[in-house]
Amino acid sequence: MPLGIWRDPVIAISNSVTFTTGMILIGVSSFLPTFVQGVMEKSPIVAGFTLTTMSIGWPIASTIAGKLVIKIGFRITSVLGGVSLISGSVIYLVMTPALGPIFAGFGSFLIGVGMGLTSTTFIVAIQSSVSWKQRGIATASNMFMRTLGSAVGAALLGGILNSRLQQYLTNRSSGEGVNLNTANQLLDETKRNSLDPTVLDLLQNGLTTSLKWVYGGVAVMALLSFLLVLFIPKPNKKQNPARS
């Protein structure tokens, strides 16, 4: 990959935002089902539903993004995507077990809309910023940044979850021998039902508190993505709308 393409602000910012959205993507897909199954006590099918809504919102928004890029330019379209990402992350921050899986699914849908608006827009913007010979390289760099963001996000957010949950259990277990391995039983209905009510309540509260930290990290990445999008150069009025 020629590093010279990073001197283009459109490519540099688009790839940076793709990195942060990759972290958001892995944060949602890896940890939302844990909350739905372990804390809301729903089945794996219901947990899958909360992620399916993201898969629905993404292609719908991608289709709309293609038309918006032509009408209003890629800068405003990506800003709309950033707003959607923030909205979805806020829903996760205020989510409680009582709000149910539909509320969680709506948050995933907004994340999917944000991903669809930004990913499609960035591909168009990046390809419009380089010559025909470099379009394959430029596009691949964007895909690479998403993969890299997902890898970093899995390590970072997973570390936050484990450390916060371990600290919570250590401070409140009162010598009951509850640890991270015990928390895994929340994901199995049979094992969850066999837990002592006190232990079950401790684990669910600990998981809820820990996941709030994870979703806080997702919200920070969403806010950072939005701020980065604002630095995308304003379109030149003489440019084709699809290139702006």
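This is a predicted model: local features need pLDDT of at least 70, side-chain atom pairs count only at pLDDT 80 or more; totals for chains, interfaces and linings use all residues.
## The largest core

Let's start on the inside. The largest nonpolar core has 39 residues, and those touching the most other members are Ile24, Val28, Leu32, Met95, Ile111, Leu203 and Leu211. Two or more residues each come from α1 (9-38), α2 (44-72), α3 (74-94), α4 (100-128), α5 (135-172) and α8 (197-229). With 11 residues, α8 gives the largest share.

Setting aside neighbours within four places in sequence, Ile111 is in contact with Ile24, Val28, Met54, Leu85, Gly88, Ser89 and Tyr92.

## A second core

There is also a separate core of 10 residues. Among its members are Ile13, Val17, Ala125 and Ile232.

## Where α2 meets α3

Next, look at a pair of helices. The axes of α2 and α3 come within 7 Å, crossing at roughly 135°, which means α2 is oblique to α3.

On the α2 side, the meeting residues are Ala65, Leu68, Val69 and Ile72; on the α3 side, they are Phe74, Ile76, Thr77 and Leu80. Sorted by class, this contact has seven nonpolar residues, one polar residue and no charged ones.

## Thr50, a buried threonine

Now for a single residue. Thr50 belongs to helix α2. Is Thr50 buried or exposed? Its relative accessible area is 0%, and the cut-off for buried is under 20%, so Thr50 counts as buried.

The Thr50 side chain reaches the backbone oxygen of Ala47 at 2.5 Å. Leaving out neighbours within four places in sequence, Thr50 is in contact with Leu32, Val36, Pro101, Ala104, Gly105 and Ser108.

How values were computed: Residues are numbered from 1 along each chain as its sequence is written. Side-chain values use heavy atoms; hydrogens and water are left out. A nonpolar core is a set of buried Ala, Val, Leu, Ile, Met, Phe, Trp, Tyr and Cys residues joined through side-chain atoms within 4.5 Å. Buried means under 20% relative accessible area, exposed over 50%, partly exposed in between (1.4 Å probe, protein chains only). Helices (H or I, at least four residues) and strands (E, at least two) are DSSP runs, numbered from the N terminus. Contact means heavy atoms within 4.5 Å. Axes are lines fitted to C-alpha atoms, for helices over the stretch in contact, and angles run from 0 to 180 degrees between N-to-C directions. Angles under 35 degrees count as roughly parallel, over 145 as roughly antiparallel, 65 to 115 as roughly perpendicular and the rest as oblique. Ala, Val, Leu, Ile, Met, Phe, Trp, Tyr, Cys and Pro count as nonpolar, Asp, Glu, Lys and Arg as charged, and the others, Gly among them, as polar. A polar contact is a pair of N or O atoms within 3.5 Å; within protein, one must be able to donate a hydrogen and the other to accept it, and residues adjacent in sequence count only if both atoms are side-chain atoms.
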